[in-house]
Amino acid sequence: MRILVVDDDLGLRDSLTLILQDGGHDVVAEADPRNGLERAMADTFDVVLSDVRMPEMDGLEFLRQYRQRGGTALVVMMSAYGGEDAALAAMQEGAYDYLPKPFRRDEVLLTLRKAEEREQLKGRVASLEAELTRAKHRDIVADSPAMRRVMELATLVAPHDTTVLITGESGTGKEVVARAIHRMSPRREAPFVALNCGAIPENLLESELFGHVRGAFTGASANKTGLIEDANGGTMLLDEIGDLPLPLQVKLLRVLQEGEVRRVGESGVRKVDVRFLSATAKNLESAITSGEFREDLFYRLNVVHIHIAPLRERPEDLDGLVARLIERESQRSGRNLQLTPGAFEAIKQRAWLGNVRELENALERVAVLSPDGVIDADAFGDERRGPRSDESHRRAPDIGSRPPTTLKAALDEAERQAIELALDAANGNRVEAAKILGVSLRTLYYKLKHLAA
């Protein structure tokens, strides 16, 4: 251990230095407590041994200033005066231990041995805590400053029941962060229930959220518990909250304010204890301006705001994400998948406008199409494109060499091609295509029906 001795008594200072050096420690000694304080702040020590009674500055003032200035070493006070009162005062100021003078050699070395064991134990605890934190965030790569900030906020807000609004483009991992908040919360043993507000037709969404009683509407042949009740005691994520219809926004606001739900067709209310998280790729402030989202609900949901930057703005996360996803695909397929340097270079050349979800889908696809388990650049095919800006990837529709006869025809053609591109990027998954297009699933179904007519 590296030890600083601060004592104005030359004889004791020299004898203590010899005892400590014989015990295998590295020792620095100072007679003046002011010089000792500056030395303690400028250098690194494991333990500081300080006398209590010294001229110019006593040991308690030395300890007080050392802690105020951020000193972290263990401090052991020494004194021939005061007995238990002096020891108590030293402990109240943050001392680790107290040695009454005169002390024997064995007493000093035993005190330092205990201090060393304590520091080793703290180190092991810190290591275990770090390992537990990594386990909790096993689905999250946070090597970039932006994602580290996201996880710092998630960790700070997790122990509280505060509502959290998580925003970010489609595919950035909003639900993954929400699940991490739940895992770190006191509700971790209770249910985590997620609902995509844009994936359920409006006429069914109210029953899905709040439940219904038998006979409430045609087809309601039995009582049904809503998802909010299913989440009782736990956490509920309202994904794509911007797609929640206005009438249901009013009902959700009551749940947030009163902690109670009313099933469809029921006159009474039921108390619930649910922590709400919400997520959206939409700009809710713009939705408020256009009258599509209630301002009072926005403020209830947006107590804490966590924004997840798109993958193209945090390239530091790419290495870790690729490694994690390749490992997952290897476990899933039972093969030892390997990515060649050329393949990784192809990955880095893409802007990944679909974010982590697009990267995950692309890696799964090339893994399936690489029978020997070695993934090279050629496996990516049309994935291996150069960097694209947000504007350049939105290709102008090919409407032929002659303009259409009407503006509506041009707009329909542009809309058709945009939907086809989105469906192609989502491998035909309409929910994902709707997210890419920035519209609700209901809107996408309407557009497809209109274009097919």
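Predicted model: local features only at pLDDT ≥ 70, side-chain atom pairs only at ≥ 80, totals over all residues.

Colleague: Fine. Which way do the residues of S10 point, and are they buried or exposed?

Modeller: Thr 235, Leu 237 and Asp 239 point one way from S10, while Met 236 and Leu 238 point the other way, and all of them are buried. In a regular strand the side chains alternate between the two faces of the sheet.

Colleague: And what does that say about S10 as a whole?

Modeller: Strand S10 covers residues 235-239, and five of the five are buried, so the strand is largely enclosed by the rest of the structure.

Colleague: Which strands are joined to S10 by bridges?

Modeller: Strand S7, residues 192-196, runs parallel to S10 and is joined to it by five bridges, with Phe 192 standing opposite Thr 235. Strand S13, residues 275-280, also runs parallel to S10 and is joined to it by four bridges, and there Phe 276 is the bridge partner of Met 236.

Colleague: Switching to Thr 235, what does its side chain make a polar contact with?

Modeller: The side chain of Thr 235 makes a polar contact of 2.8 Å with that of His 182, and Thr 235 itself is buried, at a relative accessible area of 1%, which lies under the 20% cut-off.

Colleague: What else is Thr 235 in contact with, leaving aside neighbours within four places in sequence?

Modeller: Besides His 182, the contacts of Thr 235 are Arg 187, Pro 191, Phe 192, Val 193, Val 274, Arg 275 and Leu 277.

Notes: Residues numbered from 1 in each chain as written. Heavy atoms only, no water. Buried < 20%, exposed > 50% of the residue type's maximum accessible area, 1.4 Å probe, protein only. Helix = DSSP H or I, 4+ residues; strand = E, 2+ residues; numbered from the N terminus. Pairing = 2+ DSSP bridges. Polar contact = N/O pair within 3.5 Å; in protein donor to acceptor, adjacent residues only side chain to side chain. Contact = heavy atoms within 4.5 Å.
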